[in-house]
Structures are given as C-alpha cells and as structure tokens.
Amino acid sequence: MNSRVLFLIVGLVLGAVVGYLTRPQEAEVNFGPLHIQVQGDHAAGVRDEGGLTNGQITHIAIYTAGGAVLGALAGLLAARRA
C-alpha cells in the first residue's frame, strides 16, 4: 500500500478516536419555540446514555478532518524523503 494512503487512513482513524474521546458533554431541550442548550466543561463520561448530539458530531468531524490533513501531510513528507 502507498505510504501516503496509509498515513491518511491512520490520520482519519486517530482523528475520529480523539474527537470521540474528547467530545463535550451537551444537553439540548426543545419545547415549542423555546430552545435550551446546556454544555458542560468536561468530556462526556463513559456511561453517557443515548445518541450523539449535533454538536458532538460536529466536534468529532472537525477532529477527523484535522487528523486527515495531518496524516496526508505526514504521508507526503514520508514519500518525499523516501
């Protein structure tokens, strides 16, 4: 496998894992026209019940994209030195 592709895949996976582990604890309540959002100052716990909120998904996606960019750059540098 090409080293650039390998580094890109590793960057994607590591970015997604780091994003998931550092996702913010968040609660959203929608009641008619009233929208309340409460966000904690620490990462969500392991026992977090329920699905991911939109804010958490965005957080994970940003970290995944950052990991992909760093992985692609590392792959380009590794291919250039070889």
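Once its neighbours within four places in sequence are set aside, Arg4 is in contact with Gly75, Leu76 and Ala79. Arg4 is placed in helix α1, which covers residues 3-21, while helix α2 covers residues 54-81.

**Arg4 and its surroundings**

- Although Arg4 and Gly75 are separated by 71 residues in sequence, their C-alpha atoms lie 4.0 Å apart in space.

**How α1 and α2 are arranged**

- Two packed helices are described by the angle between their axes and the distance between the axes.
- For α1 and α2, the axes come within 7 Å and cross at roughly 155 degrees.
- Because angles over 145 degrees count as roughly antiparallel, α1 is roughly antiparallel to α2.
- The crossing of α1 and α2 is right-handed, and the residues of the contact between these helices comprise 14 nonpolar, nine polar and one charged.

**Confidence in the prediction**

- Across the protein chain the mean pLDDT is 82, with 76% of the residues reaching 70 or more.
- Among the elements of the chain, α1 has the highest mean pLDDT, at 93, whereas strand β2, which spans residues 34-43, has the lowest, at 66.
- Where pLDDT is low, the predicted coordinates should not be read in detail.

Terms used
Residues numbered from 1 in each chain as written. Predicted model: local features only at pLDDT ≥ 70, side-chain atom pairs only at ≥ 80, totals over all residues. Heavy atoms only, no water. Helix = DSSP H or I, 4+ residues; strand = E, 2+ residues; numbered from the N terminus. Contact = heavy atoms within 4.5 Å. pLDDT = per-residue confidence, 0-100. Axes fitted to C-alpha atoms, helices over the stretch in contact; angles between N-to-C directions. Parallel < 35°, antiparallel > 145°, perpendicular 65-115°, else oblique. Left-handed = near helix turned anticlockwise from the far one by under 90°. Nonpolar A, V, L, I, M, F, W, Y, C, P; charged D, E, K, R; others polar.
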